[in-house]
Structures are given as structure tokens and as C-alpha cells.
Number of protein chains: 4
Amino acid sequence: MARLRSPEKRSAILDAAVLEIARDGLGATTARIAERAGVAAGTLFTYFASKEQLLNELYFELKSESYARMSVGFPHKVSLERRAWHIWSSYLDWAIEFPLKRKVSVQLKVSDLVTPETRERANAQGSALKVTIAELEERSIGRGLPAGFAGAAMSAMQDAALEFVSRQPKRRAELVERSFQVIWRALK
Amino acid sequence: MARLRSPEKRSAILDAAVLEIARDGLGATTARIAERAGVAAGTLFTYFASKEQLLNELYFELKSESYARMSVGFPHKVSLERRAWHIWSSYLDWAIEFPLKRKVSVQLKVSDLVTPETRERANAQGSALKVTIAELEERSIGRGLPAGFAGAAMSAMQDAALEFVSRQPKRRAELVERSFQVIWRALK
Amino acid sequence: MARLRSPEKRSAILDAAVLEIARDGLGATTARIAERAGVAAGTLFTYFASKEQLLNELYFELKSESYARMSVGFPHKVSLERRAWHIWSSYLDWAIEFPLKRKVSVQLKVSDLVTPETRERANAQGSALKVTIAELEERSIGRGLPAGFAGAAMSAMQDAALEFVSRQPKRRAELVERSFQVIWRALK
Amino acid sequence: MARLRSPEKRSAILDAAVLEIARDGLGATTARIAERAGVAAGTLFTYFASKEQLLNELYFELKSESYARMSVGFPHKVSLERRAWHIWSSYLDWAIEFPLKRKVSVQLKVSDLVTPETRERANAQGSALKVTIAELEERSIGRGLPAGFAGAAMSAMQDAALEFVSRQPKRRAELVERSFQVIWRALK
DNA sequence: GATGAATGAGGTTTCATTCAT
DNA sequence: TATGAATGAAACCTCATTCAT
């Protein structure tokens, strides 16, 4: 119930959780997570009050991490297409580099263990991208689609693209680009 | 002759599983599933050898059902766009009508409990749609995208669309149509 | 609860029980026994009221069978040593010929599932051998050993001998004879 | 440091197992064993990975204990007969003193739950007795009996003797001695 | 704070037995 | 009588969480 005596230990637990959940699903045990993190079973609970809380924090961290990646070097002053491309490619880079993190992120997203509050906190992280997303949204709305649809569509299409990149890693650069062309044609 | 294994009981168990998994995730207990199905705890195991097998069969059934819905009244001889529209709208109709079934289907898809064999068997069900999908595929391939990408993209975009339909049920018809326009523009 | 519509079926169940118990111990399931016997699970219970009763009857049958083997061709009018040798060798012949039956018989003997009544009924079968045993007993008693000791000692030594015969089947005849010499020297 | 695994608790579980198995056979439940040992059901599994393992360790401990008893005060430098007598009487003392332990030991020996590895480990304990046993063996081998037979014969005869001691406890000392005379006459 | 043994509710699955067919 | 699906108690074992050390 206390907090953060050692940030390294906290990170170790979260990293271990990714590996264990990737292997065993959300049923991954706290005991195994702790063991892989190199801490005792009980220690886990000094950093996270419960397994559910651990899972929520993990979701938040993963989302934060991917948003951070998209924000790095974000080109604020270029054309909408160039900015969309930045989002598209930098997210895919992250997802390709850390496939387990992405896998776990998806599992958590789909599950009911992650609370609405956590989802909201997580989404709030992407502030750097908001202007760009907003511009895309306006176009969508202009076509009668609800707010948020453009972002959801991009995200969905990225999931599809990732499937194929993971099967043909050598065509990675090409696939990332071509798939962007598809979504861009859809949204522009 | 003794009592025969009844298809109704099997269905009751599968239906109950949908409700319980929708509420509790894949951790839903066999005891509760059995109870909701109106059978004894042990009876569940005369119909499904294990919980894992139950889950696999459930995935298969849900996929079959959605494919069946798309196949009903499929217009084999109309334009590609009209056929794509049929698939688009009939799947969304099913998903909107049975939101829990779709939710559970997604949970199962993401999980590792569903074996590759089951996934393959399930996919093999959609034969009626193959010609149409194949035509869409050809276009994708023409643009340097791998086989299967068009189908995956449609499926991903449908997931996105569903989010919004569930939030604004009254705009259902409109949203289904507009979102089709988006994906069609992307793939055509 | 009824009885013996078909003696063949009864035998088939008992035979199947031997095989299953030899493999799985007394925890062998009635379902598997029935299956191996070629009858339905429920049928077993028209021949034996309960698993416990089946086990008791099985013990009785196995004992009867081994006693029967010892009684066949029993030489009533020869020397005590020759009669003891008949008992010794004919029992070992049976045990060597049906190792699973002997194994199961031992498991049952040691267990508490077999009631005193069954044990008594079973022992009562060996009437043909009584005169011989009685003569051996007298000698034992003469030496201050209690009634029954000679029989028990023979039986115990046979168990020991069987271990070795099963490991070196080729020396069977020799081992049977030598071990008899050992016990005979002890009891004569 | 956390609580350490306590040898007392381990012993308590093994002791409880003896009592429960003596009463209910190998089907004795882990829950009851734990309860009688005064620990929670789950605790049993921090000391023994599974019921099967518990049973194997129990067999080993019981064998060790009886070997230990035979080794105490073992007279290495007296005649073979005197040494054999020591083994004979000290084992019977142990078996008479702890009839349930002996009963359970027999049940385990007969069952297939005890692995060959455990049996071997258990037998390896009796090293102090090896010289004596070896001398007895030589005599047996001299008479054409296989190695190990003398030990098996003694053991078998002890089982027989125990039956009678348990029925007539008052004649204990006498029966132990007389039965030794029987086996000694057989083996000398 | 860190540890890991202890807890005990609860999970999946088995199985002897019953009973509708 | 024979069948085998149905039953539900109970078995073994797991695991999130607590707490003595």
C-alpha cells in the first residue's frame, strides 16, 4: 500500500508482467510475475495494491509508452498528411519493436479489468497528437461520421497492418507505407 | 436405449457461456456456466471434454454464426461494391444484434486458448464470401499489399465502426453506410 | 440389484476389473471397467450393487481360483512333503500364469475394502488342502508357534519367491524347487 | 526474512498421513490429512508438490525409520546368527510399536504410486545391515537362489509373524523368538 | 521495506451411482 | 434388462493476498 521505495523494482514488475501475460494471458499469476521480476511474492503488493491495480497501471504505462513514441520528433508544422504519416509510422515502429507489449496492451484493452477511469487517463496522454487528430476528425465529421471515428479507424487499420508485418518482417518498410496509403485514401 | 445427448442442452451451455464470459471474461467459471444453462456442473463435461474445448467450440460456433449471417441472401452476381456492401452490412447487423456474442468472439480471438486448428476450421466456414474477398484481395495485391490484407482491413474497420454504433444506436443505419464509404474508398 | 441374467457378462466385468485394477490400482473406475467388459456403465450395477461389492466378489473369485488350482490333482495319500510340494508348486504355477490376478489379489488383501466376512468366505474355499495344512500346523504348534503360522509362512515365502521368478522367468522351475527346499527346511 | 519452512510442520503432515491412510487407504484425502496435521489445506502443498509426492516421501520416511531402528546398537562383530537375530527382533519391535506405520508402509509398497526411484532411495538407507544381509545372501546363492532372496524371505516371514503377534500380544516375546528359529533354520 | 510461508476460498474435473428411455 | 446421460459431492490443486519474521 505504500509507494515507490524503488522505481526500478516497480519497473521490473511491470516488465515481468508483460512477459508473463504475453505467455499466459490475464490469468498470469502474481507469483510468477514477482519471481520473474526478481522480487518476493509479497513485495509485489507493496508496489501494487492488487492484481487488478497492477493490470490497470500496466495498461496505462503501455499506452503512455506508445504515445511517447509518437510524440518524439512530432512535426507540428507540416502538412496534415505528413503529420498523419508520422503518427502512423512511429506507432507501428513501436508495435513492431515490442510485439509483446502490444499484444498485452490489446488483451488488456479488450478485458473488463481495465476501468473506464484508466482508459480515460491513458487516452489523455496523447495530447501532442491532438491537433492532428482533430483535423482528421473534422474531415470525418464533415462526412457525417462521429467524433473519434478517424482515430479509431486508424488504430483498427494499424492492427491489421501489424498482422502482416509480423508475418513478413522483411517487407516491413514497404508494408508500413502501403498500408498508410490505404488509410489515407480512406480518410483524406 | 438411454437418454440421448440433446443438442438443446449443448446449445444452452454455449449460450450460457456467452453470457458469463461477457460478464466475467474468460475466467468465467464452468460451474456458473452450467448453472445458467440449467444443467449440473458435471453435465457440462459430457458435452465438452474441458473448459478449453468448450471455449474453442464456442469460438467456432460464433464465427460460424456470423459467417452464416453474411451468407444469407448473398448477391453473387452484382457489382463488387454491392457484394462488399452486403458483407459489410450483414456482419454489422449481426454484431449489433448480438453485442455479447461479438464481445466474446473478440475476447476469444485475442486469447491463446483458441488453437490455430480452431481458427482455421472457423475461417474455412466463410466459403460463400471467398469470391468477393478474393476480388478485393486482387486489388490490394495490385497495390503491393499482401494477400489477406483487404479482409483484415475490413474486419478491423468494422470493429471501429461498432464502437460508435453502440454509442449512438439511433444513427445506426447512417453510421453503417458512412463507414462503408470510408473503407470502400480505401480499398477500391 | 438383481442377479446374473448373464453369467458371461458377470465374468467379463470381473476380468475387466483385474486388468484395470492392475493398471490403476483400486482407484480404477467403474466406467473403465464396464467399458473394457463391453457393457454400459449402468449395467455393471445390475451385477454388483456397488463398487465395494464388486471388489469383494473379485477377491473371493481370485482366491477361489487359486484354491481350485491347488486342489486339482491333489495327492491325498502321499507323504506330507509331497503334498506340501503340490500346494507350493501349483499355487506358484497359478500366480506365474496370471500375474495380474495375483497382483490384484494382493492389493485387495492389503486394503480395508475387503470385509472380514469376505476374507472368511474366501479362506473357507481351501477345504481340500486342510488336512495337509493341519499336519503342518501340528508341527508348528509342537514348536510353540500358533495355529495358522505354517500356512501364513508358506504364503509369505511364496510372495517372496514370485518376485524373483518374475525377474528371471527362465529359471522358473529351478527357483520354484529351491525355494520350496528353503521353506520345507524351515517347517519340517 | 520471512517465516521459514518448519520441519515440525512437515513431520506433522507425514504423521497425519499415516493415520488417515491407515483408516481410509491410499484414497485418504489431502484435505483430511492437512486438517489432522493442523495446517490449512493449501499448506500441505508447500511441503509436498502433490499428493503423489507426499506418498513417495512418506514411503521413504517409513523405510528410513525402520532401517534406523535396525541400525541402532547393531552388533557388528558377533556371529551371523546373532546379527540376523538383531535385525529380526529390532524390525519386529518397530513394527509392533507402530502398527499403523507398518500397515501404511505395506500399502504403499504394493501400490504403483511409489516410483522405482523412491524404492531404490529407500533401500539404499539400509547400509548398516548390508554386510549381514550379504553373508546371508552368499549362503542362499550357494544353494542356487538368486541374490536378494534371503532378505526377501526374511521380510516375508516377518509379515507373517506380525499377523500373529498382533493377535496375541501377550506372547510377543516368545513368538518373535520362535519365528526367528523358523527362518534361521530355513536360511542357515 | 522485504520476504516467502501460510491461508482457504474457489476452480476444474472425476466418478460412483441413478434413472429416463 | 440394458443403456449412457445426468447428477453433484468431493477430490486435488492454485493463487491472490496476508502477516510473522
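Chains C and D meet through the same surface, because 100% of the interface residues of chain C are also interface residues in chain D; contact here means heavy atoms within 4.5 Å. Please note that this is a predicted model, in which local features need pLDDT of at least 70, side-chain atom pairs count only at pLDDT 80 or more, and totals for chains, interfaces and linings use all residues. Residues are numbered from 1 along each chain as its sequence is written, chains are lettered from A and ligands numbered from 1 in the order in which they are written, and side-chain values use heavy atoms, with hydrogens and water left out.

How is chain C laid on chain D? A turn of 180° and a shift of 0.0 Å along the axis do so with an RMSD of 0.1 Å, the copies being superposed by least squares on the C-alpha atoms of residues with pLDDT of at least 70 in both. That is the relation of a two-fold axis. In chain C, the C-alpha of C:Ala186 is nearest that axis, at 2.1 Å.

I turn now to chains B and A. Chain B can be laid on chain A by a turn of 180° and a shift of 0.1 Å along the axis, with an RMSD of 0.1 Å. The C-alpha of B:Ala186 is the nearest to the axis in chain B, 2.1 Å from it. These copies also meet through the same surface, since 100% of the interface residues of chain B are interface residues in chain A.

Each chain gives 34 residues to this contact. About 2,600 Å² is buried between chain B and chain A, and carbon and sulfur atoms give 68% of that area; buried area is the accessible area (1.4 Å probe) that two parts lose on being put together, summed over both. Which residues of chain B lose the most area to chain A? They are B:Phe149, B:Phe164 and B:Arg185, together 21% of what that side buries.

Other pairs of chains do not touch. Chain A and chain D have no contact, and their nearest C-alpha atoms are 10 Å apart. Chain A and chain C are likewise not joined by any contact, with their closest C-alpha atoms 32 Å apart.
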